[in-house]
Amino acid sequence: MNTATVIAVDGVVFASWLFLVSVGLTLIYGVLRILNIAHGSFYALGAYTGAVLVLRYVEGDRWPPGSLAMLGLAAVLVGAVIGPAVERGVLRRIYGREQVLQLLVTFALFLIFEDAVKLIWGPSPYYAYRPYAMLGQVTIGAVAYSRYSLVLAGTALLAGVCLWTLVNRSRFGRLLVAVIHDPEISAALGVNLPRVHALAFSLGTTLAALGGAFTAPMISVVPGIAVEVIVVAFAVVVVGGLGSLEGAAVGALLIGLVRSAAVHLFPAVELFTIYVVMAAVLLVRPQGLFARGEARRI
Amino acid sequence: MVPTRGGTARARGGRWTLPVLLVLVLSGAVRPVVAAAPAPGAVKVGIVTFLSGAAAAPFGIPARNAAEVLVDELNAGRVPAPYNKVGINGVPIRTVVVDEAGGADKQVAEFRRLILDERVDLVIGYISSADCLAVAPVAEELRALLVMFDCGTNQIFEERRYRYVFRTHGHQILDNVGAARYVLRQKSAVATIAGINQNYAWGQDSWTTFRDSMRKLKADVRVLAEQFPRLFAGEYSAELSALLAARPDVIHTSFWGGDLESFLIQGLPRGIYAQSLLVLTTGDTVLPRLGRDMPPGVVIGARGPHGALAPDVPLNRWFKQAYTARFGTRPVYPSYHMSQALLGVKAAYEKAAARGGWPTKEQLIAAFEGLTFETPSGTIRMALGGGHQAVEPVAYGVTGRYNTALKEFELTRVITFPAECVNPPEGVKSADWIAQGFPGARCP
């Protein structure tokens with residue numbers, strides 16, 4: 001029972017992280033039909049910006065919980081500045097082109113961002129762990145957890161609920177759905193397509209940066225973190241079904257729980273768990289768990 | 001054919017020539033005339049270390065920095081004795097620095113380029129064991145001198161013999177045998193151990209050596225958990241829970257760089273150090289980085305007597321001062337490994353040159369084999385692998401009091417285990433040595 005509790009808590013904590021780092025990827029694919037390899041770069045930009053803001057903030061001996069707000073601010077900054085710039089400057093030119101070209105362009109963006117990160121922040125690591133350490137611990141099932149893990153889980157839940165409400169219950173969401181299903185008819189009906197694209201991409205970027213910013217206090221922020229995250233993010237959205245928000249949530253939870261069980265029960269196979277879950281799901285449903293069927297145009 | 005009389009007479013006269021010449025040569029009256037090679041304009045050294053990627057900040061850059069400061073100071077003749085001769089035997093050192101990132105295939109190509117196009121006299125390189133294993137046979141094939149400066153695998157000289165390859169620091173066996181011996185000196189009642197190590201050769205080999213050494217030294221030690229997260233995973237929440245739930249007396253990790261720091265950042269607030277004795281075999285690199293946030297009572301290693309565990313000798317005091325003055329932070333163990341490689345090469349060249357003239361590659365190799373030389377980490381002996389593999393002592397300590405001037409924790413209860421205590425004897429494979437219960441080990 002105790003082990004089961006610990007497995008469940010660890011699984012949910014890891015799933016929260018997975019959801020945060022992958023949900024933006026699925027959103028961007030859902031709306032723009034672009035597999036954004038540079039997603040990991042936005043995660044890294046969020047992590048660096050978050051780390052720098054937190055370090056500046058704690059230097060001034062300010063109210064400690066305010067450092068958590070710095071993480072949110074970092075995500076919004078990256079999303080609001082870099083997101084529209086990349087969408088307007090680069091992606092707009094490749095909508096509707098062959099997928100291989102889109103992949104190459106986003107891969108090029110990824111490489112450029114890798115060097116930009118090194119140019120701006122240098123090769124030395126940043127430690128912004130005050131938000132992680134300040135919250136203290138809480139004991140669940142006889143194991144001490146950092147309360148920050150609960151903050152992470154709460155942030156993922158909040159992000160998920162807000163995004164779901166936005167897509168399913170707002171006017172912007174209805175426009176998104178219309179654009180996803182038929183961009184041409186939507187445009188003909190007066191939907192401002194470039195604006196919807198820019199907003200959707202920026203939102204995806206903000207979510208990637210949010211994942212990075214909230215991860216920053218748990219890790220040493222170093223060059224190379226972008227590439228690590230892109231693999232797991234792709235695994236989650238492929239399991240969930242490309243373009244599906246619910247899929248990202250269920251995919252993250254599935255991978256999180258299986259990995260956590262492996263760590264506690266069969267640590268030797270932990271390395272393969274993500275790929276095992278991916279292979280198992282794709283064998284049964286090659287399109288992923290929640291992929292919607294697409295109407296074929298005649 | 002019958003010899004002619006004249007021919008016999010010449011032979012009779014020649015009977016004395018060789019012994020007389022030999023006596024004269026041995027007495028020093030006549031020196032055989034060998035054309036001494038002229039000294040070159042510079043000794044060109046290829047330096048290969050990580051300048052990008054995850055291993056750059058904690059390892060590659062500190063090693064590059066050490067090379068930079070040492071080469072400059074050597075060329076200026078400012079390094080204390082026995083290295084006070086300018087450059088190498090009066091010849092300045094020039095370096096060509098190459099990034100180690102990109103994998104083993106790329107490094108093989110880079111090595112060929114350094115030797116064949118750049119025409120370097122030798123290459124000092126490699127942090128990654130995979131790169132060392134890939135490049136060593138190529139050095140042999142090209143008959144090019146390679147001095148490995150940081151990679152940890154014990155396979156290199158235990159699996160085959162090399163003529164052109166040297167390694168001027170100890171391999172991973174000393175880290176983990178030393179860690180096991182240290183743990184038992186600190187906590188003789190250890191009953192349970194656990195490990196968290198990266199899931200590739202370095203992590204697996206380090207853990208196996210530590211675990212097997214512990215069991216050999218104390219038969220009733222039980223293993224409670226063996227965690228192997230992937231390299232650069234960064235997130236260890238579940239692994240930490242498993243370790244906290246298992247409650248072992250000792251937790252061993254050979255994590256390095258960003259992984260080690262992330263592990264500590266996540267583990268320390270969860271009280272992992274209070275519950276178990278944490279053993280960090282590469283912990284030296286995090287001391288200046290985490291500063292006050294390291295807790296007391298954590299076992300710290302430096303893969304030899306380096307960094308915070310380096311001996312208080314004049315050469316070390318000079319090295320620390322020169323490095324810190326230039327880079328604003330103290331040298332960590334990869335910096336010390338680099339200094340060993342450079343000073344070993346200089347010592348070998350100068351030993352070979354002492355015979356007169358600039359040494360040939362063969363003479364240099366002969367001088368390097370079995371060489372004993374001084375470094376900031378103390379005396380290094382090329383004692384294994386037919387004189388090509390160094391042995392060195394290993395030191396461990398425990399974080400004690402925070403030193404506000406140094407801005408890092410001081411290490412207390414430091415024990416230095418001599419090389420004979422933590423390295424297998426020549427000709428014995430490390431795994432066999434541990435399995436047989438460390439035959440021939442001489443420990444204090």
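User: Is the link of Cys132(B) and Cys151(B) left-handed or right-handed?

Analyst: This is a predicted model, in which local features need pLDDT of at least 70, side-chain atom pairs count only at pLDDT 80 or more, and totals for chains, interfaces and linings use all residues. Residues are numbered from 1 along each chain as its sequence is written, chains are lettered from A and ligands numbered from 1 in the order in which they are written, and side-chain values use heavy atoms, with hydrogens and water left out. A disulfide (a pair of cysteine sulfur atoms within 2.5 Å) joins Cys132(B) to Cys151(B), with S to S 2.1 Å. The angle about the S-S bond is -95°, and the link is left-handed.

User: How many residues apart are Cys132(B) and Cys151(B)?

Analyst: The disulfide of Cys132(B) and Cys151(B) links distant parts of the chain. Cys132(B) is in helix α5 of chain B, and Cys151(B) is in the loop between β4 (145-148) and α6 (155-159); helices (H or I, at least four residues) and strands (E, at least two) are DSSP runs, numbered from the N terminus. The separation is 19 residues.

User: Why does Cys443(B) count as partly exposed?

Analyst: Cys443(B) forms a disulfide with Cys421(B), the sulfur atoms being 2.0 Å apart. Buried means under 20% relative accessible area, exposed over 50%, and partly exposed in between (1.4 Å probe, protein chains only). Cys443(B) counts as partly exposed because its relative accessibility is 33%.

User: What is the pairing of the bonded cysteines of chain B, numbered in sequence order?

Analyst: A search of the whole structure finds two disulfides over all chains. One joins Cys132(B) to Cys151(B), and Cys421(B) and Cys443(B) form another. In sequence order, the pairing in chain B is 1-2, 3-4.

User: Which element gives the largest share of the lining of the largest cavity?

Analyst: On a 1 Å grid over the protein atoms alone, a cavity is a set of points where a 1.4 Å probe fits but cannot get out, a pocket is an open set with protein on both sides within 12 Å along at least five of seven lines, and lining residues have an atom within 4 Å of a point. The largest cavity has a volume of about 130 Å³, and its lining includes Phe14(A), Trp17(A), Arg230(B) and Glu235(B). The elements that give two or more residues to this lining are α1 (2-32) and α12 (273-284) of chain A. The largest share, three residues, comes from α12(A).

User: How much space lies in the second largest pocket?

Analyst: The lining of the second largest pocket has 33 residues, and Tyr200(B) and Trp256(B) are among those nearest its centre. α5 (129-142) and α8 of chain B each supply at least two lining residues, with the largest share, four residues, coming from α5(B). The space in this pocket is about 610 Å³.

User: With which side chain does the side chain of Thr209(B) make a polar contact?

Analyst: Thr209(B) is in helix α8 (residues 201-217) of chain B and counts as buried because its relative accessibility is 7%. Leaving aside neighbours within four places in sequence, its contacts (heavy atoms within 4.5 Å) include Ile173(B), Asn176(B) and Ile434(B). A polar contact is a pair of N or O atoms within 3.5 Å; within protein, one must be able to donate a hydrogen and the other to accept it, and residues adjacent in sequence count only if both atoms are side-chain atoms. At 3.5 Å, the partner is the side chain of Gln172(B).

Note on methods: Points joined across faces, edges and corners; volume = space filled by probe spheres on them.
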